[in-house]
Amino acid sequence: MIWIRMPGTKKGDIKMQKKLQSMVCVLALCLSLCAGENVYAASKVTINKTSLSLTVGKTAKLKLKNLSKKKAKKSKWKSTKKSVATVTFNKSKAVATVKAKKKGTAKIKVTYNKKTYLCKVTVKAKKSTATITPADIDLETQKLPVTGIQNARQLGGYKTTDGKTVKSNCLLRTAKLSDATDEDLTVLKNQYNLGYIVDLRAGASEKKTKTGGADPTIDGVTEIYAGFSGPSETDADGYVDSLKESETIEAMKIFLQTLVDNKGEKAVLFHCSKGKDRTGIMAATLLSILHVSDEIIMGDYMLSSNYYDSCNQLGMENALLYMKEQSGSVENFVIEQTGLTSADMDALRTYYLE
């Protein structure tokens, strides 16, 4: 480094000048590093794992995404159930370590800048996997602007493995609609141009036996019944068992045929009671046909954990694996089981991708 004596500077001040120039250099280096890290505002901060599945005695590392280490050090971490999982935060590295202690479910709560972020931890007695939610999976961008309908989201915006994007605001997934407000129904019909409602609840064909109450009637919207019994919320093979049932396959056929017949012209809303299990199976199947990666499919599925504690992550992973093992791919499974054709699969991609 070359030191330049400024005009009028005394020799005794050169030492101080060197210190100042060193500080400027360090500051410039820090600024360049921050620019490379692409630091975002606190509102964009997310935990790098929104769901975590661990075996008893195992540990995992967690950190905040899109936040500089300096700012991340100001966050506070705690476990809601220390008997199930504990968390320790290393401030120097801005990394938290989660340790699984016994079988059960806990949540890691992270507080930063008066905002709280959650990571669900499921501790199992046997080996399982952890799903890392991709950065482009964000509840805020997927949820619908309704107040009386739980777990109301859209599938638009997800990237496919062949470079396309799922069309926004035309594939809607929700929980039951019986508590929808008049304003909610207006939003669905006018803002989203709703054309079809596919009810996946068992017994939904008869209004008096509908689980959670009958769907409201919306002028100009066609309701399709495709009910089947809900899979187990906790059994790792619950979703697989459901896929072996003829009523599930029939529901899948009706749902996908409705989408083909709609030709992407209007929005199609599909739902069950919670919008999590039966709806989750249909959403995962559809997204796979549209060539969305398993990583994003699981990320979309786990968004339901923002509303319920009983998301069966391992069950959904096993369901996707089962369809692939049976037929080579989810798409082939659908063709073999439902009787829909490869032309129907191509049509789905034509109508619902851009």
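This tour goes from strands to helices, one selection at a time.

**Before you start.** The model is predicted: local features need pLDDT of at least 70, side-chain atom pairs count only at pLDDT 80 or more, and totals for chains, interfaces and linings use all residues. Residues are numbered from 1 along each chain as its sequence is written, and side-chain values use heavy atoms, with hydrogens and water left out. Helices (H or I, at least four residues) and strands (E, at least two) are DSSP runs, numbered from the N terminus.

**Stop 1: the open sheet.** Select β2, β9, β8 and β5. They form an open sheet of 4 strands in the order β2-β9-β8-β5, with mixed pairing. Two strands pair if DSSP finds at least two bridges between them. β2 and β5 (76-79) stand at the edges with a single partner strand each, so one side of each has no neighbour in the sheet. From one strand to the next, the twist averages 25 degrees. Axes here are lines fitted to C-alpha atoms, for helices over the stretch in contact, and angles run from 0 to 180 degrees between N-to-C directions.

**Stop 2: β9.** Select residues 115-124, strand β9. On one side, β2 pairs with β9 in the parallel sense over 5 bridges. Show L52, which stands opposite V121 in β9. S51 stands opposite K120. β8 and β9 form a hairpin with 2 residues between them. Pick N113 in the turn: its phi is positive, about 50 degrees. How much of β9 is buried? The count is 7 of its 10 residues, so β9 is largely enclosed by the rest of the structure. Buried means under 20% relative accessible area, exposed over 50%, and partly exposed in between (1.4 Å probe, protein chains only).

Stop 3: Select residues 95-100, strand β7. A96, V98 and A100 make up the covered face. V95, T97 and K99 make up the uncovered one. Strand β3 (residues 59-62) pairs with β7 in the antiparallel sense over 4 bridges. The bridge partner of L62 is A96. Strand β6 (residues 85-90) also pairs with β7 in the antiparallel sense, over 6 bridges. T88 stands opposite T97. The hairpin of β6 and β7 has 4 residues between the strands, and A94 takes a positive phi near 55 degrees.

**Stop 4: H271.** Move to strand β14, residues 267-271, and pick H271. H271 is buried, with a relative accessible area of 0%. Leaving aside neighbours within four places in sequence, its contacts include K176, D199, R201, D215 and T279. Contact means heavy atoms within 4.5 Å.

**Stop 5: helix α8.** Select residues 294-302. Here 7 of the 9 residues are buried, so α8 is largely enclosed by the rest of the structure. Colour the buried ones: I296, I297, M298, G299, D300, Y301 and M302. The cover includes β2 (51-55), α5 (238-243), α7 (278-289) and α9 (313-327).

**Stop 6: α6 against α11.** Select residues 246-262 and 342-352. The axes of α6 and α11 come within 9 Å and cross at roughly 55 degrees. α6 and α11 are therefore oblique to each other. (Angles under 35 degrees count as roughly parallel, over 145 as roughly antiparallel, 65 to 115 as roughly perpendicular and the rest as oblique.) Show L256, L259, V260 and N262 in α6; they meet D344, A347, L348, Y351 and Y352 in α11.
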